[in-house]
Every structure is written in structure tokens, then in C-alpha cells.
Amino acid sequence: MDDQELGFKAGDVIEVMDATNREWWWGRVADGEGWFPASFVRLRVNQDEPADDAAVRAGDGGAEDRGAEAQSSRDQMRTNVINEILSTERDYIKHLRDICEGYIRQCRKRADMFSEEQLRTIFGNIEDIYRCQKAFVKALEQRFNRERPHLSELGACFLEHQADFQIYSEYCNNHPNACVELSRLTKLSKYVYFFEACRLLQKMIDISLDGFLLTPVQKICKYPLQLAELLKYTPPQHRDFKDVEAALHAMKNVAQLINERKRRLENIDKIAQWQSSIEDWEGEDLLVRSSELIYSGELTRVTQPQAKSQQRMFFLFDHQLIYCKKDLLRRDVLYYKGRVDMDGLEVVDLEDGKDRDLHVSVKNAFRLLCGTTGESHLLCARKPEQKQRWLKAFTREREQVQLDQETGFSITELQRKQAMLNASKQQATGKPKALSRPYYLTRQKHPALPTSLPQQQVLVLAEPKRKPSTFWHSISRLAPFRK
């Protein structure tokens, strides 16, 4: 963050010092002061107080009067929430317009300073977001009941546009790249002066460009909060109740989808690093077809025609199963031995006993059978529970492939190439292999591939991770030379 931006976490109470600007407020929390986005907080008021007061004043009137007063209070609270949704949407539209007209339009006039690729990196698909949000605000305005605001039916608007909100996924995934590119450019004074001139011409608040570009990330996280608040003050008999309930569920799914795509894209670098550590790799890169490790473990592969048994490490990705051989001396070094295409493959659970094809006794076995080519792979686990875990993993792999098809998730050619380039650079920065070194120092340990990663919420502004020190690692590698 910039020096003048205020950091805070969920649950903090911020004292607002200046709210003259509708988008960014100046506030104080603990010992710090600074700017913070108004759309990321809500005013702290005792929203249940009017209803409680009605219950306390039992002697002021009859039951009907108290009920009418409580109903009036709920209607007023629903009106307040609806007004907040519309108000923040109008402010957000202005914010997007300022970025598109104040920055992007001016940048395109300076081809000597910005290429189209740079602009795509810095601003992502924010122009697409601007177009979608304009249509969304128009739909909200049409559903707004000006005479009796509490009767407004906004839930259907969210349901009609829920597919459009998925474009935020691309923006959120690109946002770290935008920050890196902006950081690089703002080291040059001419870009600092240019961005400042853009801000002044558009009469925008004194916040750096990367602060403005953070707003769409925050906005997509705000919708579930607003809908939850709207549902709280929507009685079950209200015509909008079911739609608001469905809209809340839909927008939570959108946020979850964005988080999942973010995690998947962060994971492709690990997959590329893992592939680069495998010896004797053959065929196309893993990332051409796969982007997720489903399961891994050791299995016995029984091959034809002599029914020879081979111990292999298997790695199940979406669309393909990779199997490798462990090094005899260094068990953490793997050699590529082959792959199995999971598309169009049938997994057959086998009973313990004699296999009719290979005429050998098998235990905890299953067969991978390709219907089109007739290719067959007989695999055996050590324990029954391991076999069951593999069978469940094969089911999850098909479910993952189907989900990716339904949501349109895929890795672009640029993302794949960048991940492989990063992996090759990381491999190159390691100690070069030398024939004069002992054998156990000539191989690098392959990086571990976790089967599941903790989900990082897009609204979390995490501190930068510290680069792990290599001091003790270097000392441990010199252990064989100690006296």
C-alpha cells in the first residue's frame, strides 16, 4: 500500500475523519490514519434498535400499533440497504469511467510510452467490466420502486447478470501482474508525472493508480455482504425473498469460482517446476492439457506379456496420469516412464484373485481400460484403503474435467509459456551439475506437489511472503564433507 493508505482487517472499527469524497474516506484506526475505500466498509449503526424500542414501549399502544411500528422499522431498514446498493453502484460506475477515460484513453494517445500489451497488463479487462456494470446498474434502476423503495425487487437483477460477474476472475488473476508492471514504470519519473497529470485532469482523489485498480477486486467481494444484509431485512412473504436468497447463493459461488481460478493459476508454476525436475521427460508439457494435481502415490504396475511387476510413482492430473521410476540411490529423484490419457478411459475395479488376462494372482487391483484402442493397465495398491482412495481420485478427476468445461476454465498459451519459463529460470539459478561432484550432489530434489492448497480469498490483502533463507540448506548439503 501507499504511505497514505489505511490498513485494517475485518471487524475493525474505523473513525471517519473526512468523508467529503464518496469513494475514498480518511479515517483513523488504532494509531494509524489514512485513506480507505468507502465501498469496503459500512457505517456502524445499531440497526436492530428501532425494533427493540418498539418492544420496550409496551405501554405506549396496543399490539397492533407495536406490530405496525416494527414493520415500518423493517421496511425502513430494507429501504436503507437498497439505497446503499444503488448508491455504491453509481459511485462504482463513476470510478470505472474515470479509470477508462482518465487513464486508459490518455495512455492510448501515448504510443511512445505504452504498448497495447502493457495496457492490457496494467488495466486487464476493466473496460469489459465497465460495460457489464453499466448494463447491471441500468437493470437495478428499472427494478427500483421510487414510490415505495422497500418493495423494490433487486434479487432478479443479480440472477440475470451472474454469468457476467465471472469476468472479474480474469481481472483478479491479472491484478498482481498489474501491480508489478506499475511498480516498474513508476521508477521512471516521466511515468509518475504522466499518471499524476491523468488523475488531475479527471479530478480524481489523491490516490495512486494501483489504489484505484484495487477497487474491482474489492467490489466483487462486497456483493455477498450486501445481499446478506438485504436478505436480513426481506421478510419471507416479500416477492423478492426467493430471488434475493438465490442471488446471495449465486454471488457466493461467483466469489468462490474466482478464488478457485486464482488458486489454480497460482498452482501452474508449481506444476511447471515439478515437471522440470523430472529426468528424461518426453512428450508435450503437462500444462498443455492439465492444471491440477488430483492425487499421487506408489502403485505396482503389472505389464504384459510376462506379467512383470514394476514399482512406480503415479501422479494423477486432470486429463492424464503420469508414472515415474524412482532412482535406485536417490529415492527423491524421478525418471519419466510414461503417461495414460484419462479422457475416454474406463476404471474397472477388480476382485482379489487370479486375473483372467495375465493369469496371475492380484490383490487390491484395478484396471485402466481404453475402449477405443483396447490399451489396458493393471495396477495394484498395497492396502485396500489405498485402492479406495485411488478409485475416489479417478472419480474426482472426471468431476474436475466436467466442471472446467462448464465454467470455461483453461490455461492460455501465454500463461503456460510463462510458467515454463519461470521454471527453467529457477532450475538455472540452482547449482550447476558437475561430473566431478559426488553423485548424490548432482541431482536436485524434485519439489513437492501438494494435493490441495489452502484457498486464498481474493479480498485478503496478504503481506508479501519472505523468501526462505538458503543458509541452513547450504550447510546441510555440505554435510558429507565434515570431518
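Start at Lys 203, which is exposed, with 75% relative accessible area (exposed means over 50%, buried under 20%, partly exposed in between; 1.4 Å probe, protein chains only). This is a predicted model, where local features need pLDDT of at least 70, side-chain atom pairs count only at pLDDT 80 or more, and totals for chains, interfaces and linings use all residues. Numbering runs from 1 along each chain as its sequence is written, and side-chain values use heavy atoms, without hydrogens and water.

Stay on Lys 203. Its loop runs between helix H7 (189–201) and helix H8 (209–212). Helices (H or I, at least four residues) and strands (E, at least two) are DSSP runs, numbered from the N terminus. Phi of Lys 203 is near 55°, a positive value in a residue other than glycine. Most residues other than glycine have a negative phi.

Next, select His 319. It sits in the loop between E5 and E6. Is His 319 buried or exposed? It counts as buried, at 17% relative accessibility.

Now show the sheet. Seven strands form it, open and antiparallel, in the order E7-E6-E5-E4-E12-E11-E8. Strands pair if DSSP finds at least two bridges between them. Strand E7 (334–341) and strand E8 (345–349) are the edges, each pairing on one side only.

Zoom in on E4 (residues 293–303) and E12 (residues 376–380): three bridges join these antiparallel strands. Pick Val 302; its bridge partner in E12 is Leu 378.
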